[in-house]
Amino acid sequence: MYKVKKYYIILCVRHKHKETHWSVQAKKKTAAGRALEHFDDFYKSLTTSALNIRKLFKLQREYLDEQEHKLKQNTDENVTLEIEDNRFVNVATTEHLLETDVRITNNLEEKNANIRKFSVEASLKAAKIDASRIINPGITDLSSALYEFVPATQIKGGREGWIPEAQHYKYYENTSEYAVSIEQEHHLHFPKHLDVYCYEKSNHTPFDSPQKCVTNVLNYYLLDGGSLLPVLALGLQPGDRFLDLCAAPGGKTIIALQTLYPNVIMCNDCETSRVKRIHNVLRQYLYDLDEKWFSTGRLKVLQEDARFLSLQNLDKILVDVPCTNDRLSVRENENNWFKSSRTKERIQLPEVQAQILSNALKMVRVGGTVVYSTCSLSPIQNDGIVNMALKQIWEETDIKIIVKDLSPALEETKCVYKFADKNLLRFGHLVVPYLPQNYGPMYFCKLQRAC
């Protein structure tokens with residue numbers, strides 16, 4: 001008899017989950033995920049009762065004034081003590097000083113030699129291009145191409161070949177090719193009719209949803225705390241003609257309305273859906289919108305491209321431009337700036353922002369104020385755009401613009417907000433989120449037309 005050996009073949013079939021399965025969904029790269037990766041690459045170096053913010057600022061200002069007064073009183077005594085102490089300082093001999101100077105000079109020369117060996121230019125020449133992060137405009141679905149500009153190492157510009165993204169953004173970097181006037185401003189006016197509330201630091205209790213009053217309008221408007229400062233920076237005064245150039249959804253317009261200062265308020269946006277949102281917000285908070293506001297011409301809603309809008313005799317203009325909206329980009333996928341379908345739009349965003357700001361500086365009257373703002377941490381979209389607009393105005397017109405340094409005026413607001421180090425910014429100010437008081441990001445820069 002022959003024994004027949006039996007062979008068994010075991011087939012391992014991997015089960016493929018449906019597209020709706022959680023494991024498949026978890027591996028998908030969302031727009032919010034791409035935004036987080038982008039920020040990692042670009043920003044790495046960077047009780048239950050509500051409190052009245054106006055009163056907090058006032059108390060803080062009184063405290064600061066008191067400290068300044070005490071400091072002035074002690075100035076003479078401190079100077080005298082310092083002079084007395086200096087009499088007992090040991091002075092090194094000339095030979096020792098010369099020896100120290102030679103040693104320091106040699107060390108500096110040695111360090112400079114090492115720095116030259118590792119120069120940026122040499123490093124760039126030796127660097128390898130990450131071909132997996134190149135944008136090819138011929139590909140309709142960039143998801144298969146790689147990170148979908150998060151950020152792309154290279155940008156394709158027409159038929160001119162591939163260029164590094166950093167080179168593309170150099171156009172917006174700060175330059176010294178034109179004169180810039182910067183003046184300090186020491187006072188931040190908080191209108192007495194404007195009531196804004198927040199919780200104390202480390203209290204993350206959410207506000208209740210707004211409720212309708214007897215007049216059938218909502219009793220308060222909820223917005224990010226950082227959004228208050230650009231409106232305060234405008235310095236609205238009674239009788240002003242005010243333009244909110246990129247107004248949707250309308251929160252900052254509501255703040256301006258509550259000051260009771262402007263004689264005329266104009267809200268503008270370019271898209272029908274966004275203009276509709278402005279109308280909806282206004283109707284939610286103004287019960288006499290048609291009778292008192294629209295019919296009298298005190299409130300106007302416009303639908304124009306902010307780059308080409310032409311108005312005259314405006315006292316104050318708020319330029320809250322479209323931006324990457326960092327807070328929203330990392331939380332929501334809907335209409336996210338980091339969608340692959342919006343790659344081209346996102347790359348062109350700085351150019352659009354600069355054109356909008358330049359147009360606003362041309363429209364404001366002599367002596368009037370423009371405040372530029374974004375809700376982004378991006379240096380390009382913030383100081384970079386201010387720099388580009390100022391340069392364009394200097395080259396193309398005879399208009400003179402003064403940049404207002406609000407650092408002294410903002411001292412009283414630090415009881416509520418945390419600001420980025422001013423040494424990192426040339427023109428504006430940046431509210432940065434942190435755990436005790438999670439407001440922002442909100443960048444704003446005050447510009448005044450001198451002539």
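Student: In this predicted model, is Arg342 buried or exposed?

Tutor: Burial is read from the relative accessible area, with anything under 20% called buried. Arg342 has a relative accessibility of 12%, and therefore counts as buried.

Student: With which residue does Arg342 form a salt bridge?

Tutor: The idea is to look for a side-chain nitrogen of Lys or Arg within 4 Å of a carboxyl oxygen of Asp or Glu. Arg342 is paired in this way with Glu345, and the closest N and O atoms of the two lie 3.0 Å apart. Glu345, at 38% relative accessibility, counts as partly exposed, whereas Arg342 counts as buried.

Student: Which parts of the chain does the salt bridge between Lys446 and Glu185 tie together?

Tutor: The side chains of Lys446 and Glu185 meet with an N to O distance of 2.7 Å. Lys446 belongs to strand E13, which covers residues 442-449, while Glu185 sits in the loop between strand E4 (181-184) and strand E5 (197-198), so the contact ties together parts that are 261 residues apart in sequence. Lys446 counts as buried at 8% relative accessibility, and Glu185 likewise counts as buried, at 17%.

Student: How do the partners Asp305 and Arg307 read in terms of distance, and what is the accessibility of each?

Tutor: Asp305 and Arg307 form a salt bridge whose closest N and O atoms are 2.8 Å apart. Asp305 counts as partly exposed at 26% relative accessibility, and Arg307 counts as partly exposed at 27%.

Student: How many disulfides does a search of the whole structure find?

Tutor: A disulfide is a covalent bond between the sulfur atoms of two cysteines. The search of the whole structure finds 0 of them. Cys323 counts as buried at 5% relative accessibility, while Cys451, at 41%, counts as partly exposed.

Student: What fraction of the residues in the protein chain is buried, and how many helices and strands are there?

Tutor: Of the 451 residues in the protein chain, 39% are buried, and the chain has 15 helices and 13 strands. Its accessible surface comes to about 27700 Å², with 53% belonging to carbon and sulfur atoms.

Technical notes. Residues are numbered from 1 along each chain as its sequence is written. This is a predicted model: local features need pLDDT of at least 70, side-chain atom pairs count only at pLDDT 80 or more; totals for chains, interfaces and linings use all residues. Side-chain values use heavy atoms; hydrogens and water are left out. Helices (H or I, at least four residues) and strands (E, at least two) are DSSP runs, numbered from the N terminus. Buried means under 20% relative accessible area, exposed over 50%, partly exposed in between (1.4 Å probe, protein chains only). Accessible areas come from the Shrake-Rupley method with a 1.4 Å probe; for residues, only the protein chains shown count as cover. A disulfide is a pair of cysteine sulfur atoms within 2.5 Å.
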